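Please read these notes beside the model.

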Amino acid sequence: MGLNFGTLCRLGGCETWSTQQAYDVANKALLECQTLRANAADELKAETIFAQGVLAFCKGEALSSAYLRSTKMEQEQLVERKFMQALQYFKTAYQLWTSVFGEKHLETVKAITMIGTLLHRLQGVQAGMEWKRKELKIREELQGEMHPRTQQTRRMYTMLLDAKLQAEKRDAPAKTSLDGSGGDQQEEGQEADQDARGESR
């Protein structure tokens, strides 16, 4: 339930729930889950930590789209802070899942997906490419080349590669047109939703 409300927060709420209400419901559910799993096995702790990362990502997206606003901090700074927080959660989940399952596992690849997405958002195309390449290789091995998630990852990686090549042709700084809003971010948002619902399996 918690992550469904996280997604609702990212999308700006609905007639029944405001963006802030959706976030509050999701956050409360995850805090309760964290308490219940305080002494759980590492793979279960990783699930909760990953979910906290998804919620931080969703809040960052809601702030970026101005569905939520802050009176205490500049909007751009707060968005970056939420994305950095999400990145740390995903890195922790990645470390825990890797220690339990190894890197070539569908739980671990969820964290790889989100680390690549956040690095792209925060640091640009080059930073996200390594993780997208890693994700693509693992998905091809585990799910096959024709699986919808493998194909989605290939599209994302191709878009990042094209952006990198275009930037090199222009001999421009690392920032490219894909660093802002665009089709890649929409697809990344879809990846986040799918991983939150466990659709990478």
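1. A crossing is called left-handed if the near helix is turned anticlockwise from the far one by less than a right angle, and right-handed if clockwise. Helices here are DSSP runs (H or I, at least four residues), numbered from the N terminus. By that convention, helix 6 passes helix 7 in a left-handed crossing.

2. The model is predicted, with local features needing pLDDT of at least 70 and side-chain atom pairs pLDDT 80 or more, while totals for chains, interfaces and linings use all residues. Residues are numbered from 1 along each chain as its sequence is written, and side-chain values use heavy atoms, without hydrogens and water.

3. The axes of helix 6 and helix 7 (residues 148-170) are 9 Å apart, at an angle of about 150°; axes are lines fitted to C-alpha atoms over the stretch in contact, and angles run from 0 to 180 degrees between N-to-C directions. The two helices are therefore roughly antiparallel (over 145 degrees).

4. Contact (heavy atoms within 4.5 Å) between them involves, among others, Met129 and Leu136 of helix 6 and Tyr157 and Leu160 of helix 7. The contact residues comprise seven nonpolar, five polar and eight charged; Ala, Val, Leu, Ile, Met, Phe, Trp, Tyr, Cys and Pro count as nonpolar, Asp, Glu, Lys and Arg as charged, and the others as polar.

Methods: Parallel < 35°, antiparallel > 145°, perpendicular 65-115°, else oblique.
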